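My notes follow the structure.

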Amino acid sequence: MPRRLFWPGTLLLLAAVALILLVLHAGRDRSLRNAVMQADPETVLNMPALAPATLARGQVVFAAHCVTCHGLAGKGVAAKGAPDLTDEDHLYGSGLVAEIEQIVLHGIRSGDARGWHLASMPAYGRAKPYAMEPIPPLRPQEIQDMAAYLRSFQGDWADKAAVERGKALYVGKAGCFDCHAQDGSGDSAVGAPNLVDGVWLYGDGSAATIADSIANGHAGSSPAFAKSLSAFDARAVSLYVASLGDASTRKTL
Amino acid sequence: MMHGNPSKCSKADDIWSMGRPGARRSLLLCGAGAIVGLIIAGFGLFTADGTRTSIVPAEDVALVNQVPILMSDYAAQLRALYDVSLSQATMRQKRQVLDDMIREELYVQRGVELGMQADTIEVRQALVGAVEAQAAADATMAVPDESALHAYYEKNRARYADEGQMALDDYVQPVSAAGRAAAAAADLRLSGTAPAVLARHGLRRSAIMTDGEEFIFAARLHLGERLFAVASRMKDGEVSEPVPLPDGIHILVMRHHIAPPPRPFAVVRDRVLQDFVTDQAKTLTAGNERFLRKRADISLQKGYE
């Protein structure tokens, strides 16, 4: 090779190698994405060839879009009504990756017609507790009674008469059973939380914060990312969120 | 050896001699650049997200006239109909769901071709809702800054106040005792509401506000506007001036009055967020409507301008 060709040739060779590496990397990345998108979302976490890279990407997406409300560790923030994503208490659905993915894509009360927006917690201390159907408001004492009833599930029976009155309201006038079930176990089909497991979405489970929730209602929301995340990123972050829970209890059906 | 073939060596040297113009060198560099450009362009064209080709992208289960049916929607539909995941579904279940989804897409596309939106009310309503949602998407899908939420809360503090409560007794004298009402009120202030005091002035307790403490909105409903206006200015333990009404002379005794207390931001954040987003969405939707009206050619009948 003539001496004058050495540097141009070397540069050209390096550029060619870099290009080939770039194409190979992109191709590998693409094939990983394709494999993840084609796979059953419930099985990806058990696939060593796909899980690590997908979870790494999911963590990046989580850090960019979810930590503001759910915190870096996904533990949630009670003040924001953002649930703990690491426990087995699922507000919507049962913790399946596909269900998480639907929430990521379409949100909760996000304005996306395909999101979850079936019901919200009425404000029983207001003249018109619920916009979607007529529900009678409760008096302050009735709200205190209801709080006493819910506290009794945590072993607080300080005022037995109030607990009994609260129970009568729960299954009667207030109609709480309609969403939270007769036994207070909640209904993940409408996002009605379990009231008897000691996990509180809002507040600390004290009589005051329970009464506040009953009096003023709640309607937490989660944004829809269908327009801002790629299909792969939505799945990757869903898998990451699913991975935050206890693997031994993860539902796969 | 070099001296054996001096013309070849000098020719190659001449091509890559940067100090001299060389048509062959330019041609070679041009060709190399074109090849590299084509490789990059080809890679971008066939791998970019959203590129539609005859190949069905991995995130879709099918393309119907280039309209994708998303794999995530397909999986959700399998779950909804058969409660199975993608890998657990049988071929029959998969085919059934896919056929149904393709059928729906075909009918939607045909509906658009036929202009069904012109005369089917449900389609029109759905389209209006969808366009409004699309216009508001920037607001509804964004995560607002905490400082913006704080500012919104400060601006609308009253909206996030508690309802407030009051507990009071309403005593009524017959209309015929109108002349003695002021004395009765003064005696109530002095002696309290003991039965003997009530009997002395012919006062009876009315049937309203007998359930104990009530939220302000309920007290307003029970008392009526005239008595509520009086009650809302009263403090704990205060006795009102007599209020003449058609059913008698009313004297209110306020036991407990809590004006609507403000609720801290941390407690109402989710409601603030929702109101903030709703307001933003309304602004965007209104802007979109203004734009649509501006560009539209709307002719009005005489008398409807």
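**Two helices in chain B**

I looked up which residues meet, and found that B:Tyr74, B:Gln77, B:Leu78, B:Leu81 and B:Tyr82 in H3(B) are in contact with B:Gln93, B:Val97, B:Leu98 and B:Met101 in H4(B). Contact is called when C-beta atoms, placed from the backbone, lie within 7 Å. Helices (H or I, at least four residues) and strands (E, at least two) are DSSP runs, numbered from the N terminus. By class, this contact has seven nonpolar, two polar and no charged residues. Nonpolar covers Ala, Val, Leu, Ile, Met, Phe, Trp, Tyr, Cys and Pro; charged covers Asp, Glu, Lys and Arg; the others, Gly among them, are polar.

I noted that the model is predicted: local features need pLDDT of at least 70 and side-chain atom pairs pLDDT 80 or more, while totals for chains, interfaces and linings use all residues. Residues are numbered from 1 along each chain as its sequence is written, and chains are lettered from A and ligands numbered from 1 in the order in which they are written.

**Chain A against chain B**

I found 49 residues from chain A and 46 residues from chain B in the contact. On the side of chain A, H1(A) gives the largest share, 10 residues. That side has 23 nonpolar, 15 polar and 11 charged residues.

**Chain A as a whole**

I found nine helices and zero strands in chain A. Its C-alpha trace spans about 100 × 35 × 25 Å along the principal axes. Among contacts in chain A between residues at least 6 apart in sequence, 61% join residues at least 24 apart.
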